[in-house]
Amino acid sequence: MNRSTPRESVSQFLILEDSVEHEYPEALVRGMIDITDGVFRGLFGDIEVTCDSPGVVRDRIIFGEVFSLIPLESAWCRGYMMMQAEQVPFMQLLEHTGRCEGQAGFRELNGMLGELTNLVWGAFKNRYMGDPLAVDRTQVQVPLLINHKQKYITFGTDNPQLCFVYRLTDPVTGRIVTLHQHFVFSLNWSPEAFREAAQSVAEPVETGALELF
């Protein structure tokens with residue numbers, strides 16, 4: 001894992017703007033990286049994983065040709081997590097790490113991306129989302145819009161998306177496989193209500209200040 005020194009001292013929140021919608025608890029940001037890094041290593045073994053400094057994106061362009069989408073719902077947030085990848089490099093990584101027999105196809109790719117997403121979601125849910133009975137299920141929904149030709153997706157709001165970019169090194173070719181992870185808190189975002197479940201915390205992951213793309 002890439003452990004760079006933060007460019008800015010942060011106590012409780014990583015803040016992009018004065019608006020509360022762009023304020024992220026430091027423990028949450030660090031924990032997201034820690035969880036996802038652990039899932040990568042659990043699936044692909046002793047592989048080199050780095051993560052760019054977390055940032056936010058305002059455009060709605062999808063990275064790569066394939067992405068997964070899973071809802072996040074708690075008393076302090078409602079939205080989605082996306083994992084996005086380029087098809088060919090990710091399929092080659094599956095082959096070179098022994099995650100499939102023979103040549104990988106789109107079915108193997110879909111299965112692995114689904115497993116990866118589910119594992120990250122499960123760990124995130126256990127660590128951060130708390131009692132599901134505390135969620136107000138009477139809240140409204142908004143439509144998602146996807147334009148496949150333009151590789152464009154919108155979640156019905158103008159809120160920025162919290163973005164993590166992971167780079168996995170293929171152990172055979174040395175090529176970098178890039179995955180984007182977006183957290184879209186489009187339906188509810190109350191960072192002041194964020195709570196982390198009590199647990200034994202490993203060595204903290206260093207992150208940089210949020211960057212605006």
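Visitor: Is Ile-61 buried, partly exposed or exposed?
Guide: Ile-61 is partly exposed, because its relative accessible area is 47%. Keep in mind that this is a predicted model.

Visitor: Where does Ile-61 lie?
Guide: You'll find Ile-61 in the loop between strand E4 (55-57) and strand E5 (66-73).

Visitor: Which residues make the nonpolar surface patch?
Guide: Ile-61, Leu-145 and Tyr-152 make it, and the patch covers about 270 Å².

Visitor: OK, new topic. What about the phi of Lys-151?
Guide: Lys-151 has a positive phi of about 55°, even though it is not a glycine. Most residues other than glycine have a negative phi.

Visitor: And where is Lys-151 found?
Guide: Lys-151 is in the loop between strand E7 (145-147) and strand E8 (152-154). With 33% relative accessibility, Lys-151 counts as partly exposed.

Visitor: Which strand does E10 pair with over eight bridges?
Guide: Strand E6 (residues 77-85) pairs with E10 in the antiparallel sense over eight bridges. Strand E9 (residues 161-169) also pairs with E10, antiparallel and over eight bridges.

Visitor: What stands opposite His-180?
Guide: Val-165 stands opposite His-180 in E10. His-180 is also the bridge partner of Gln-84.

Visitor: How many residues are there between E9 and E10 in the hairpin?
Guide: Six residues sit between E9 and E10, and Gly-174 in the turn has a positive phi of about 80°.

Visitor: Switching to charges: how many salt bridges are there?
Guide: The count comes to seven salt bridges. One of them joins Arg-127 and Asp-34, with the closest N and O atoms 3.4 Å apart. That pair links distant parts of the chain: Arg-127 is in helix H3 (residues 106-129), Asp-34 is in helix H1 (residues 26-44), and they are 93 residues apart.

Visitor: Are those two buried or partly exposed?
Guide: Arg-127 is buried at 13% relative accessible area, while Asp-34 is partly exposed at 28%.

Visitor: Which residues are linked with Arg-127 in a network?
Guide: Asp-34 and Glu-196 are linked with Arg-127 in a network of salt bridges.

Visitor: What about Asp-52, what does it form a salt bridge with?
Guide: Asp-52 forms a salt bridge with Arg-167, and their closest N and O atoms are 2.6 Å apart. Asp-52 lies in the loop between strand E3 (49-51) and E4 and Arg-167 lies in strand E9, so the pair ties together parts 115 residues apart in sequence.

Note on methods. Residues are numbered from 1 along each chain as its sequence is written. This is a predicted model: local features need pLDDT of at least 70, side-chain atom pairs count only at pLDDT 80 or more; totals for chains, interfaces and linings use all residues. Side-chain values use heavy atoms; hydrogens and water are left out. Patches are made of residues with over 30% relative accessible area and no salt bridge: like charges are joined within 9 Å, nonpolar side chains (Val, Leu, Ile, Met, Phe, Trp, Tyr) within 5 Å. Accessible areas come from the Shrake-Rupley method with a 1.4 Å probe; for residues, only the protein chains shown count as cover. A salt bridge is a side-chain nitrogen of Lys or Arg within 4 Å of a carboxyl oxygen of Asp or Glu. Helices (H or I, at least four residues) and strands (E, at least two) are DSSP runs, numbered from the N terminus. Buried means under 20% relative accessible area, exposed over 50%, partly exposed in between (1.4 Å probe, protein chains only). Two strands pair if DSSP finds at least two bridges between them.
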